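Please look through the structure shown here and follow the report below alongside it. The report goes from a loop to the core and then to a pocket.

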Amino acid sequence: MSTPHRPSARVLLVDEHDRLLLFLDGLIDKFWLTPGGGIDPGESVEQAALRELREETGLVVPPEALGPVVATASGYYRAEWDGLVRSATDTYFYVRTAHFTPDTSGFTDYERETVDEHRWWTPDEIASAPPSVVPWGLAGLLPGLLTGRLPAAPVTLPWHHPGVSP
């Protein structure tokens, strides 16, 4: 049997105070992650990023504001909802926005059960955070993004589920 693949679209959402929005997934491992999630059948990675952003934060962003892919990460993980090992590719977009209080009413039932809180993080907080902030390598990527230096090609970030394999 082949390992199922789950591509996802994620958004590095930064406010005017250079703070990044992260959600605490507290079901098993307690880690902070960006808004985003799986790409639905027939959906482009851009469409998924915009949909996930709307569902998880209430923020509606026009497609032209999404910008290019700035990073990717890929590897294997064990899904919390069914225990199966899957391969994954996370694709990260960078979006600037005015500060707002996220509206999580669009969460799925699973997200309502697993997401404990959200907060806006400063670059210094991310740089000094334990490895429970996903994606790993974010502290090195964020300073360039904040000063308007988008990478010429997506940066490959380290995978954040070490030791999981098919």
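Pro 135 sits in the loop that runs between helices H3 and H4. In this predicted model, the peptide bond leading from Val 134 to Pro 135 is cis, with omega near 15°. Most peptide bonds are trans, and most residues other than glycine have a negative phi.

Val 134 belongs to the loop between H3 (123–127) and H4 as well. Its relative accessibility is 8%, so Val 134 counts as buried, the cut-off being under 20%. Beyond the residues up to four places away in sequence, Val 134 touches Leu 22, Phe 31, Trp 32, Leu 33, Thr 34, Tyr 92 and His 160.

Which residues of H4 are buried? They are Leu 138, Leu 141, Leu 142, Gly 144, Leu 145 and Leu 146. An α-helix has 3.6 residues a turn, so residues three or four places apart point the same way. The cover over the buried residues of H4 includes strands S1, S2, S5 and S6, helix H3 and strand S8 (155–156). H4 is followed by Gly 148, which has a positive phi near 90°.

A positive phi is also found at Asp 18, about 60°, although Asp 18 is not a glycine. Asp 18 lies in the loop between S1 and S2. With 27% relative accessibility, Asp 18 counts as partly exposed, because that class covers values between 20% and 50%.

The next topic is the core. The largest nonpolar core contains 47 residues, and Leu 12, Leu 13, Val 70 and Val 133 have the most contacts inside it. Elements giving two or more residues to this core include strands S1 (5–14), S2 (20–25) and S3 (31–33), together with helices H1 (45–57) and H4 (138–146). Setting aside neighbours within four places in sequence, Leu 12 is in contact with Leu 138, Leu 141 and Leu 145, among others. The contacts of Leu 12 also include Leu 20, Val 70, Tyr 92 and Phe 93.

Arg 86 is part of strand S6. Is Arg 86 buried or exposed? Its relative accessibility is 13%, so Arg 86 counts as buried. The side chains of Arg 86 and Asp 82 are joined by a polar contact of 2.8 Å. Leaving out neighbours within four places in sequence, the residues in contact with Arg 86 include Thr 3, Pro 4, Arg 6, Tyr 76 and Trp 81.

The relative accessibilities given so far are collected here.

| Residue | Relative accessibility | Class |
|---|---|---|
| Val 134 | 8% | buried |
| Arg 86 | 13% | buried |
| Asp 18 | 27% | partly exposed |

The last topic is the largest pocket, which has a volume of about 740 Å³. Its lining is made of 37 residues, and those nearest its centre are Arg 6, Asp 25, Leu 33, Trp 81 and Tyr 110. By class, the lining has 15 nonpolar, 10 polar and 12 charged residues. The elements that each supply at least two residues of this lining include S1, S2, S3, strand S4 (36–38) and helix H2 (109–114). H1 provides the largest share of the lining, 4 residues.

Note on methods
Residues numbered from 1 in each chain as written. Predicted model: local features only at pLDDT ≥ 70, side-chain atom pairs only at ≥ 80, totals over all residues. Heavy atoms only, no water. Core = buried A, V, L, I, M, F, W, Y, C linked by side-chain atoms within 4.5 Å. Buried < 20%, exposed > 50% of the residue type's maximum accessible area, 1.4 Å probe, protein only. Contact = heavy atoms within 4.5 Å. Polar contact = N/O pair within 3.5 Å; in protein donor to acceptor, adjacent residues only side chain to side chain. 1 Å grid on protein atoms, 1.4 Å probe; cavity = no way out; pocket = protein on both sides within 12 Å on 5 of 7 lines; lining within 4 Å. Points joined across faces, edges and corners; volume = space filled by probe spheres on them. Nonpolar A, V, L, I, M, F, W, Y, C, P; charged D, E, K, R; others polar.
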